[in-house]
Amino acid sequence: MWILLKAFVLFIWLPCSSNNGASANDNDLSHSYTVSVTSLLPPTVCNRTRTALPQGPGKASLEVVSKHGPCSTLNQGKSPSLEETLRRDQQRLYSKYSGRLQKAVPDNLKKTKAFTFPAKIESVSADEYYTVVAIGKPKQYVSLLLDTGSDVTWTQCKPCSHCFQQRDPLFDPSKSKTFSKIPCNSTTCKILRRLFPSDDNCNSRECHFNIAYVDGSGNSGFWATDRMTIQEANSKGYFTRYPFLLGCIRNSSGDKSGASGIMGLDRSPVSIITKTKISYFSYCLPSPYGSRGYITFGKPNTVKTQFIKYTPIITTPEQSEYYDITLTGVSVGGKKLPFSTSYFTKLSTEIDSGAVITRLPPPMYAALRSAFRKRMKKYKRAKGAGDILDTCYDLRAYETVVVPKITIHFLGGVDLELDVRGTLVVASVSQVCLGFALYPSDTNSFLLGNVQQRGHEVHYDVAGRRLGFGPGNCS
């Protein structure tokens, strides 16, 4: 009898004392992903055939790829380290929300037929994904980084005295029949110069701008209009806009990793969305890097619509140019973080394709980190990535890893369930990190970055003032 009792106790004790650490109950496998460790590494081969671009009447789709992935024509064989990527992301965040780019504009100049301010041009290159469009007549092709957190579309122009290196030929205004400089003595220029001052006192025919950034970089150039072709079909322009506001850069100390400039996709009156009267667009950012994604201008078909869940875009009397939505919670491993409804009503939540990782206010980040670490306690911890990502793991001793699912909840019952690549950021097998970070110097903001958007279709119903998430065709 005593022997049987000892055997029973041993049977119960063994699973709990296993060297594998956490049990299935701790990880709650029904709310986790089990993946091979090697599958977390970025691919080295491009596979364009796995993604089909959306087609149909009233649509214009463009290929989107990561500028550092194997499908990129900008890739020079050198990709920045994870710490460098995070550093640029941090600088971009400071630059975007710096008071130095939010200069006061007199009330009588804030609203005109053409412009409403503030406007901005991002210099710090954290933007990850780009597409190719044509500017001018005849067409000149440029690679532009997609950014829903920027308004003005700009590119480097010839002649360029001090510009960053780009893969495409510089846009040459002298070769475009539709290119036109905005005169310095025009009303439009006076409004632009209020936000982007120039030291030339309007001594030339060009409407100049000079922009300084918190990281020490800057841009200078002039404002112009030209024709932009969004897509080509059967060698004919499928979607064009003329005249289109364009920032022409002639001097820049920034770096766009081979791209020519930025495609501004926010809600301001000077963005491509407003100036081309686009009422609906969507994109799917590729996950992994080895495949291509897409951006589509135009509404989805009826069949696809039923799989898209929408949350309202916040509308106020002083409407933000950004895409602000309402966060209602975050779950880790099937359990919501312990915050009241009133807590989320105080938060400002924005989605931004140009930001890399998702940023959380201190209380929420602390709770997310704690919940994630608890469910990953069986794995060896590794050093953090810089001073931004502080929850990293060394997985060299494992063939597979069990990762808790993270779901972000939005108003209207919209649940964005992240896959593994939307949860982890990988420098190497010895440094696999939770892809979330603290929002610097802001206790009431939540920023949804592109890591957490990858593999999903993100829908911007601008006219309907709502933002949706649906299954993507780029993962």
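**Rings, cores and strands**

Trainee: Is phenylalanine 339 buried, exposed or partly exposed?
Mentor: Its relative accessibility is 22%. Buried means under 20% relative accessible area and exposed over 50%, with partly exposed in between (1.4 Å probe, protein chains only). Phenylalanine 339 therefore counts as partly exposed.

Trainee: What kind of model is this?
Mentor: Residues are numbered from 1 along each chain as its sequence is written, and side-chain values use heavy atoms, with hydrogens and water left out. Local features need pLDDT of at least 70, side-chain atom pairs count only at pLDDT 80 or more, and totals for chains, interfaces and linings use all residues: this is a predicted model.

Trainee: How many strands does the chain have?
Mentor: Helices (H or I, at least four residues) and strands (E, at least two) are DSSP runs, numbered from the N terminus. On that basis there are nine helices. The strands number 29.

Trainee: What share of the chain's residues is buried?
Mentor: The chain has 475 residues. Buried residues make up 55%.

Trainee: How many aromatic pairs are there?
Mentor: Rings of Phe, Tyr and Trp (its six-membered ring) pair if their centres lie within 6.5 Å; planes under 30 degrees apart count as stacked, over 60 as edge-to-face and the rest as tilted. By this rule the count is 15.

Trainee: Which type of pair do phenylalanine 281 and tyrosine 323 form?
Mentor: The centres lie 6.3 Å apart. The planes make an angle of 65°. The pair is edge-to-face.

Trainee: How many residues apart in sequence are the parts that this pair ties together?
Mentor: Phenylalanine 281 lies in strand S11 (residues 280–284). Tyrosine 323 lies in strand S14 (residues 323–325), so the pair ties together parts whose separation in sequence is 42 residues.

Trainee: Are phenylalanine 281 and tyrosine 323 buried or exposed?
Mentor: Take the two residues of the pair in turn. Phenylalanine 281 is buried. Tyrosine 323 is also buried.

Trainee: Why is the pair of phenylalanine 339 and phenylalanine 344 edge-to-face?
Mentor: Phenylalanine 344 counts as buried, at 6% relative accessibility. The ring centres are 6.3 Å apart. The pair is edge-to-face because the planes stand at 70°.

Trainee: Which residues have the most contacts inside the largest nonpolar core?
Mentor: A nonpolar core is a set of buried Ala, Val, Leu, Ile, Met, Phe, Trp, Tyr and Cys residues joined through side-chain atoms within 4.5 Å. The largest has 77 residues. Those with the most contacts inside it are Phe281, Phe297 and Met364.

Trainee: How many residues are in the second, separate core?
Mentor: Its members include Cys71, Leu74, Ile182 and Ala259. The number of residues in this core is 20.

Trainee: Over the ring of which residue does the charged end of arginine 466 sit?
Mentor: A charge sits over a ring if NZ of Lys or CZ of Arg is within 6 Å of the ring centre and within 35 degrees of the ring normal. Lysine 405 lies over the face of tyrosine 33, at 5.0 Å from the ring centre. For arginine 466 the distance to the centre is 3.6 Å, and the ring belongs to tyrosine 310.

Trainee: Which residue stands opposite valine 426 in S25?
Mentor: Four bridges join S24 to strand S25 (residues 431–434), and the two run antiparallel. A hairpin joins them through two residues. Tyrosine 393 stands opposite valine 432. Opposite valine 426 stands this residue too: valine 432.

Trainee: Where is leucine 40, and which residues does it touch?
Mentor: Leucine 40 is in the loop between strand S1 (32–36) and strand S2 (60–66). It is buried, with a relative accessible area of 11%. Contact means heavy atoms within 4.5 Å. Not counting residues up to four places away in sequence, leucine 40 touches Val35, Leu395, Val401, Val420, Leu424, Val426 and Val432.

Trainee: Which residues form the covered face of strand S23?
Mentor: Strand S23 covers residues 414–417. Asp415 and Glu417 form the uncovered face. The covered face holds Val414 and Leu416.

Terms used: Two strands pair if DSSP finds at least two bridges between them.
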